[in-house]
Amino acid sequence: MAAKFQGFDFLQLDASFSEDELLVRRTARDFVDDNVIPIIEACFREERFPRELILLMGELGFFGATLQDYGCAGMSNVEYGLVMQELERGDSGLRSFVSVQSALVMYPIHAFGSNEQKSTWLPALARGEKIGCFGLTEPGFGSNPGGMTTRARRSGSEYVLNGEKMWITSGSIADVAVIWAKLEEEGAGKPDSGETVRGFLVETDRPGFSAHDVHGKWSLRASITSGLSLQEVRVPESNMLPGTSGLKSPLMCLNQARYGIGWGAIGAAIACYDTALNYSKIRKQFHNQPIAGHQLVQEKLVWMVTEISKAQLFSLHVGRLKDSGKVGHQHISMAKRNNVWMALETARMARDILGANGITEDHPIMRHMLNLESVKTYEGTHDIHTLILGQHLTGIAAY
Ligand code: TGC
Ligand code: FAD
């Protein structure tokens, strides 16, 4: 049995956290150690999302954690980040579920919804009694969501939605889908531009809505990923999120989710480093010496600790900026881009330190490495974040 996780605090950052922040992290850490670590390898092997944990996560206040009222915990962004770090130390799929429920479903309802939409959905989503998904990506439009072909047409007091969404986390278990579509309506903006994009709450039991799961993934196997089909799906006009206007609205949701991923990736990296350090002290090769005593192994461990510590500092600073209302989306892009890259490199080095043992499910490294390949791609690929930052620095969009 693996030793209980003792934390990672090379730079003594714990001294800069408040008591509330440390308590939130302790709660999430215990939740992961007691409920996630014991089952997650089996879930990954069996391609099963652990639905049995949803209500408990709701009780712990993990859903919509930074939102005020409607049964949400009202955590600071730093507290929320620490939760995400601990959850992804367990598995990126679990963190994905919480990211989507919180940042991509509850946040847009809270930010753009009517009072009725908020009181109908937010308390139940916060408790985990209802599940949401976020449909932006389409089969033909991933990095460039502004090209989406999903359409909303007005028909009397209803909207009629048609289109296909792809790679949608929690799609087939969702009660409500936040669907981004272009409005075919006079005055909505330039036809076929991102200006006409609006968000709709679509109950998934409406006629014409269907979801099918993507199977055969070698990444995020403990997470549900689906395609959604909308064929003449009718929703009342009150299901449109009234505060949405243009592509900027879904991109604002992505900022919330990318911020959480920046923290989450640190958790996956810590799990890999911790495993590699413990293994390297036990495994002996040459002169009956632990491999931790070989210089090249030490160099890898030092790289990991340095980069994880830098990522922690980075996310903490971005979190404090966000809490003080000063964060820009370029800061969040940099954190997502850097920390996911760092975590993937850490996973690869850690796997190397375990030699052949590193490829088995007896250790969490390969699972984290495979998961991180998705994390590198979703919420804006590594290269798209390079271009977002390039545009910020130069004023020239190079997409
Ligand atoms: P562009 O013309 O640049 O922007 C349109 C409007 O949006 C504004 N804007 C932003 N606003 C807030 N936050 C941001 N991050 C923003 N980025 C841009 C922009 O100022 C403009 O405003 P306005 O007022 O002038 O209209 O749009 P573009 O079509 O050129 O695209 C820009 C680009 C490439 C950066 C964007 O489309 C992008 O980020 N692409 C990546 C797509 C992506 O990340 N998809 C994620 C799907 S969801 C997901 O993956 C969930 S994974 C599950 C999990 O989280 O666990
Ligand atoms: P593409 O956009 O086709 O990109 C392919 C490659 O081309 C990438 O390397 C990219 O960086 C590169 N590229 C593209 N454009 C340029 C350019 N202009 N310059 C240079 N290089 C470029 N989406 C949702 O809406 N909701 C979800 O819940 C969701 N969950 C997901 C879960 C998983 C497991 C995965 C894998 C994806 C999920 N996504 C979700 C979709 C995700 O956001 C997209 O996969 C992502 O935005 C990239 O789009 P794409 O896969 O179509 O790649």
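This is a predicted model: local features need pLDDT of at least 70, side-chain atom pairs count only at pLDDT 80 or more; totals for chains, interfaces and linings use all residues.
Local features need pLDDT of at least 70 and side-chain atom pairs 80 or more, while totals for chains, interfaces and linings use all residues. Residues are numbered from 1 along each chain as its sequence is written, and side-chain values use heavy atoms, with hydrogens and water left out.

**Overall build**

You're looking at 10 helices and seven strands, taken as DSSP runs (H or I, at least four residues, for helices; E, at least two, for strands) and numbered from the N terminus. Buried residues make up 55% of the 399, where buried means under 20% relative accessible area with a 1.4 Å probe, protein chains only. The C-alpha trace spans about 80 × 45 × 40 Å along its principal axes.

Rings of Phe, Tyr and Trp (its six-membered ring) pair if their centres lie within 6.5 Å; planes under 30 degrees apart count as stacked, over 60 as edge-to-face and the rest as tilted.

| Pair | Centre to centre | Angle between planes | Type |
|---|---|---|---|
| Phe49 and Phe97 | 4.8 Å | 25° | stacked |
| Phe63 and Phe97 | 5.8 Å | 70° | edge-to-face |

Phe49 sits in the loop between helix H1 (19-46) and helix H2 (54-59) and Phe97 in helix H4 (residues 92-112), so their pair ties together parts 48 residues apart in sequence. Phe63 is in the loop between H2 and helix H3 (77-90), so its pair with Phe97 in helix H4 links parts 34 residues apart in sequence. Both Phe49 and Phe97 are buried, and so is Phe63.

Conventions. Chains are lettered from A and ligands numbered from 1 in the order in which they are written. Buried means under 20% relative accessible area, exposed over 50%, partly exposed in between (1.4 Å probe, protein chains only).
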